[in-house]
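Let's take a friendly walk through this protein together. Have a look at the sequence and the fold first, and then we will go from one residue to the whole chain.

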Amino acid sequence: MVQDLLLPILKHEQKKSGYISEAAIKRISIQTGIPVSRIFGVATFYSMFHTKPQGKNMIEVCHGPSCHLNGSFNVLKSLYKSLKIKPGETTKDKKFSLHTCSCIGCCDKGPAMLLNGKQYTLLDETKLKAIIKKCRS
Ligand code: FES
């Protein structure tokens, strides 16, 4: 069934373009016969998909229960201080996008985040500053 292919199609589109644009959703709808509303619903339901252009560096801070208890809010505060963006936003220079995500599987080392898919754990302000500085250089 063509609906079963929707997730792989959206993953491919995001990998190709960096995000899933409105034009891409319309094109996929025409190609597959899946209604635009259904595609948009799937693209906005999963946090791994983005419907707006993203920054060069994608930060995803885990907001699972363990990381929450270990200070993920402080991680977001530190990132806000450094980057001046909140979850769901991209820096003006398009270098960073910030998101929250569900558990990334390293609960014993929280707070944790993904940066371009790579795990960073036991985060504190010093570690975050070093990570951001390295990305900027
Ligand atoms: S809750 Fe954050 S890694 Fe599991």
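Leaving aside residues up to four places away in sequence, which residues does Ser29 touch? Its partners are Ile34, Pro35, Val36 and Ile39, where contact means heavy atoms within 4.5 Å. Ser29 is found in helix α2, residues 22–32. With 14% relative accessibility, Ser29 counts as buried; the term means under 20% relative accessible area, while exposed means over 50% and partly exposed lies in between, using a 1.4 Å probe and protein chains only.

A word on what you are looking at: this is a predicted model, in which local features need pLDDT of at least 70 and side-chain atom pairs count only at pLDDT 80 or more, whereas totals for chains, interfaces and linings use all residues. Residues are numbered from 1 along each chain as its sequence is written, and side-chain values use heavy atoms, with hydrogens and water left out.

Now step back to the whole protein. Its secondary structure comes to six helices and four strands, and along the sequence they follow the pattern α-α-α-β-α-α-β-β-β-α. Here helices (H or I, at least four residues) and strands (E, at least two) are DSSP runs, numbered from the N terminus.

The four strands form an open sheet in the order β2-β1-β3-β4, with mixed pairing; two strands pair if DSSP finds at least two bridges between them. At the edges stand β2 (96–101) and β4 (118–120), each with a single partner strand, so one side of each has no neighbour in the sheet. From one strand to the next, the twist averages 25°. Such angles run from 0 to 180 degrees between N-to-C directions, with axes as lines fitted to C-alpha atoms, for helices over the stretch in contact.

Let's follow β1, residues 57–62. Strand β1 runs parallel to β2, and six bridges join the two; along this pairing, Asn57 stands opposite Phe96 in β2. Helix α5 (residues 72–83) packs on the sheet and touches β1, β2 and β3 (113–115), its direction making about 155° with that of β1. Helix α6 (residues 125–136) also packs on the sheet, touching β1, β2, β3 and β4, and its direction makes about 15° with that of β3. The pairing of β1 with β3 is antiparallel, over three bridges, and Val61 stands opposite Met113 in β3.

How many of the six residues of β1 are buried? Six of the six are, so β1 is largely enclosed by the rest of the structure. Both faces are covered: Asn57, Ile59 and Val61 are buried on one side, and Met58, Glu60 and Cys62 on the other. For β2, five of the six residues are buried, so that strand too is largely enclosed by the rest of the structure.

Finally, some overall values. The C-alpha trace spans about 50 × 30 × 20 Å along its principal axes. Of the 137 residues, 39% count as buried. Among contacts between residues at least 6 apart in sequence, 57% join residues at least 24 apart.
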